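Me: I would like to learn how to read a protein model, one feature at a time. Can we work through an example?

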Amino acid sequence: MWKKIHIGLKVLKSRLGALLKLDYCASLKNLEAISQKHNYKFIQGDICEPHFIKQLFETEKIDIVLHFAAQTHVDLSFWHALEFKYVNVYGTHVLVTAAYEASVEKFVYVSTDEVYGGSSDEEFDESSPKRPTNPYASSKAAAECFVQSYWERYQFPVVITRSSNVYGPHQYPEKVIPKFISLLQQNRKCCIHGSGLQKRNFLYATDVVEAFLTVLKEGKPGEIYNIGTNFEMSITQLAKELIQLIKKTNSESEVEHWVDYVKDRPTNDIRYPMKSEKMHSLGWRPKVPWKEGIKKTIEWYRENFHNWKNVEKALEPFPVTQPFMHIDIS
């Protein structure tokens, strides 16, 4: 379950359903562990198709919506801002409208720490202003406004979460941790944007799953919850740790051999520090130590890198920029 995959989940009383578009970053192999479960249902579809979504809510007894569906690759958003707005804002509007009309019991919108913008020292809490600095974060911030408006106007029970960077098995290798791991496992250098001094907070996937389960059970309608961690690492330090773990290097010069600094993206926020006391008050805290989580992640990609089609493209320093969807705006 990733906030960074084009996927929507719905809970059907004692059943779990997954609505998946199967975009470029998706793989059905990620669902093999649950695909044969009697209480699980898979549906392929697109949240940007209102007639399909309306029919889905009419035919399925949907009680709870966990809305992960999004285009999420920041680098790609600079070249495809319109597509990001279409999927992340319009798609969310379609989904929350249908959920409201179907009288869903709870609607959880999975947002991102990036809506706050970057900060060198200020820690963001849930009341901090949104100052997004890239098209991806801007689209998520706008979608939040649509979701929150349904609480303000209709008292529709929505909850918004904003989480730190998630890592772990099954994540498409365009994201920095699986990208660096996969590059090194293929004897290629880690490509670092700009100085590499930008810092990120990393949460292991199972900790984030526990956070969502906590929000489903204890989260109050109309509230926003930061799902964060104090564990923070610069991109350069991340690369060096992965190099030491995968390449077993013994010296700084050996480490530097596996690093390639490339031009920076248009904007690259320095940090996203968040306060997560509201989540702590619900009983959630991250549990998986970095060394344990990164070890499991490295082992998984050694065996499963080719779970996606044309996955080699994800390892380029910058994304391929041809259009990945068609939007009729006539």
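Reply: What follows covers a sheet, the helices on it, and some salt bridges.
Reply: This is a predicted model, where local features need pLDDT of at least 70, side-chain atom pairs count only at pLDDT 80 or more, and totals for chains, interfaces and linings use all residues. Residues are numbered from 1 along each chain as its sequence is written, and side-chain values use heavy atoms, with hydrogens and water left out.

Me: What is the strand order in the open sheet of three strands?

Reply: Strands of a sheet pair through backbone hydrogen bonds, either parallel or antiparallel. Two strands pair if DSSP finds at least two bridges between them; strands (E, at least two residues) and helices (H or I, at least four) are DSSP runs, numbered from the N terminus. Here the order is β7-β9-β11, with mixed pairing. β7 (165-167) and β11 (232-234) are the edge strands, each pairing on one side only. Three bridges join β7 to β9 (residues 199-204) in the parallel sense, and V166 has L203 in β9 as its bridge partner.

Me: Which strands does helix α6 touch?

Reply: Contact means heavy atoms within 4.5 Å. Angles run from 0 to 180 degrees between N-to-C directions, using axes fitted to C-alpha atoms, for helices over the stretch in contact. Helix α6 (residues 205-218) packs on the sheet and touches β7 and β9, its direction making about 75 degrees with that of β9. Helix α7 (residues 235-247) lies across β9 and β11, at about 90 degrees to β11.

Me: How many salt bridges are there?

Reply: A salt bridge is a side-chain nitrogen of Lys or Arg within 4 Å of a carboxyl oxygen of Asp or Glu. By this rule there are 13 salt bridges. One of them joins K54 and E58, at 3.7 Å from N to O. Both residues lie in helix α1 (residues 50-59), four residues apart, about one turn of the helix. K54, E58 and E101 are linked in a network of salt bridges.

Me: Is E58 buried or exposed?

Reply: Buried means under 20% relative accessible area, exposed over 50%, and partly exposed in between (1.4 Å probe, protein chains only). E58 counts as exposed because its relative accessibility is 57%. K54, at 42%, is partly exposed.

Me: What does the salt bridge of K240 and E252 tie together?

Reply: The closest N and O atoms of K240 and E252 are 3.0 Å apart. K240 lies in helix α7 and E252 in helix α8 (residues 252-256), so the pair ties together parts that are 12 residues apart in sequence.
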